[in-house]
Amino acid sequence: MSVDPQQLLRELFATAIDAAHPQQVLEAHLPTDRSGRVIVIGAGKAAAAMARVVERCWQGEVSGLVVTRYGHGAPCEKIEVVEAAHPVPDAAGLAVAKRVLDLVSDLTEDDRVIFLLSGGGSALLALPAAGITLADKQSINKALLKSGATIGEMNCVRKHLSAIKGGRLGKACWPATVYTYAISDVPGDLATVIASGPTVADPSTSAEALAILKRYGIEVPASVRNWLQSPESETVKPGDPSLARNHFQLIARPQQSLEAAAVKARQAGFSPLILGDLEGEAREVAKVHAGIARQIVRHGQPLAAPCVILSGGETTVTVRGNGRGGRNAEFLLSLTDSLKGLPGVYALAGDTDGIDGSEDNAGALMTPDSYARAAALGLSASDELDNNNGYGYFEALDALIVTEPTRTNVNDFRAILILESTKNDA
């Protein structure tokens, strides 16, 4: 088979990103009647790119304000784009959240609001609840990010410490009609979890948020504990009449990107195996992928090579060391350590937003000789894994993938190419 495995992996990654880009997925979902005045608000890594689509398609008066991550902006003429910090919120995110709330206050039932939502919105639209400081939220956010908590658990806490999430933004828009268009970056595509659900009803409770903080041993100030023990901390619940005119539409999800990559793989002669959205510790998820890869190489099960294993979702990293590296680098380093140069196996792991955690790369590539090449440089895969140093490991191999911000986000993308099966038990 005359195929460049590394080039094909890059093409699969690009295909997955393109399948979720606002230019491809938003316009068809906008209201049929695009005349008249509309107020556009938004938050997330795709917010600016989504705003550009609305500006292009809307025929009536357009105005508004969206917030995206630093470096993820896009030129808009009628909708203001503000950049703020992610994954830990900053003062810019706080200021724009206040402005967004002001923008949708005092609306009437004749007003229409379009809310453009994508992954990263939780940190970018940061407005702490009464009595809680930005410093409190920053501290808790950092601790959650290092704890190994799932995105659902993190967002449960974030919602109950917020004056804007958990349906509160939607309630503030009442009695206007609100159309929320969301790009999912969470396993299960739950509207209540995507960017902490600012415009949708939330069934989770403050007691659950407290239990999560306790489970991961996260110390919180008395002000936070007192707030979470107060009935005022509860989010907007299902059935609340203030959300009766809110409409939620999912316009892109990880599964679409995996399916697009699968089509591309088939065209190249590789049978795809889609494992779907996955959660769990990145290093442990990698071990499962390694086991499947070995079974394919040795026994041609559950499918024969040439094939590709595809998966998405959002893994977690419990930080124990002092190295550099997001969850995709961690996954790939654990995979490298598990396979130890298994012949004919190539892999890519990357974040579809172009940023692996807080680094400057989207992810990295593994080849059959990665393990041996790193060892020749004095790098032990297991030692670097203990230090959470996936970035450093693959940087030394010149195997980092740098895409720059993609302006979309359907979370992690992983592809493992297997060129042939030996069907040998040895």
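Domain bounds in this description come from an automatic or database domain assignment. On that basis, the chain comprises domain 1 (5-16 + 255-418) and domain 2 (22-253), whose centres, taken over C-alpha atoms, are separated by 30 Å. The structure is a predicted model, in which local features need pLDDT of at least 70 and side-chain atom pairs count only at pLDDT 80 or more, whereas totals for chains, interfaces and linings use all residues. Residues are numbered from 1 along each chain as its sequence is written, and side-chain values use heavy atoms, with hydrogens and water left out.

The interface between the domains was examined next. With contact defined as heavy atoms within 4.5 Å, 23 residues of domain 1 and 30 residues of domain 2 take part. The size of an interface is often given as the accessible area lost when the parts come together. Here the buried area (the accessible area, 1.4 Å probe, that two parts lose on being put together, summed over both) is about 2,000 Å² between domain 1 and domain 2, and carbon and sulfur atoms give 49% of that area. Gln256, Arg407 and Asn409 supply 31% of the area that domain 1 buries against domain 2, more than any other three residues.

A salt bridge is taken as a side-chain nitrogen of Lys or Arg within 4 Å of a carboxyl oxygen of Asp or Glu. By this rule, 1 salt bridge is found across the interface of domain 1 and domain 2. Polar contacts are pairs of N or O atoms within 3.5 Å; within protein, one atom must be able to donate a hydrogen and the other to accept it, and residues adjacent in sequence count only if both atoms are side-chain atoms. Across the interface, 10 residue pairs are in polar contact, both residues being at pLDDT 80 or more. Helices (H or I, at least four residues) and strands (E, at least two) are DSSP runs, numbered from the N terminus. On the side of domain 1 that touches domain 2, helix H11 (254-267) and strand E7 (271-278) each supply at least two residues, and H11 gives the most, with 3 residues. The residues of this side divide into 6 nonpolar, 11 polar and 6 charged, where Ala, Val, Leu, Ile, Met, Phe, Trp, Tyr, Cys and Pro count as nonpolar, Asp, Glu, Lys and Arg as charged, and the others, Gly among them, as polar.

Over the whole structure, 16 salt bridges are found. One of them joins the side chains of Lys45 and Asp353 at 2.4 Å, N to O. Burial is described by relative accessible area: buried means under 20%, exposed over 50%, and partly exposed in between (1.4 Å probe, protein chains only). Glu27, partly exposed at 35%, forms a salt bridge with Arg34, the closest N and O atoms being 3.9 Å apart; Arg34 is buried at 16%. Glu27 also forms a salt bridge with Arg56, with the closest N and O atoms 3.3 Å apart. Glu27 lies in the loop between helix H2 (22-25) and strand E1 (38-43) and Arg56 in helix H3, so the pair ties together parts that are 29 residues apart in sequence. Arg56 is exposed, at 52% relative accessibility, although helix H3 (residues 47-57) is mostly covered, with 9 of its 11 residues buried. Among the buried residues of H3 are Met50, Val53 and Cys57.

A further salt bridge pairs Glu314 with Arg327, the closest N and O atoms being 3.8 Å apart. Glu314 is placed in the loop between E8 and helix H13 (327-339), and Arg327 in helix H13, 13 residues apart.

Most residues other than glycine have a negative phi, and most peptide bonds are trans. The peptide bond from Trp174 to Pro175 is cis, with omega near 5°, and Pro175 is found in the loop between helix H8 (168-173) and strand E5 (177-183). A cis peptide bond also joins Gln301 and Pro302, with omega about 5°. Phi is positive at Asp398, near 55°, a residue that is exposed with a relative accessible area of 72%. Arg407 likewise has a positive phi, of about 65°, and is partly exposed at 25%.
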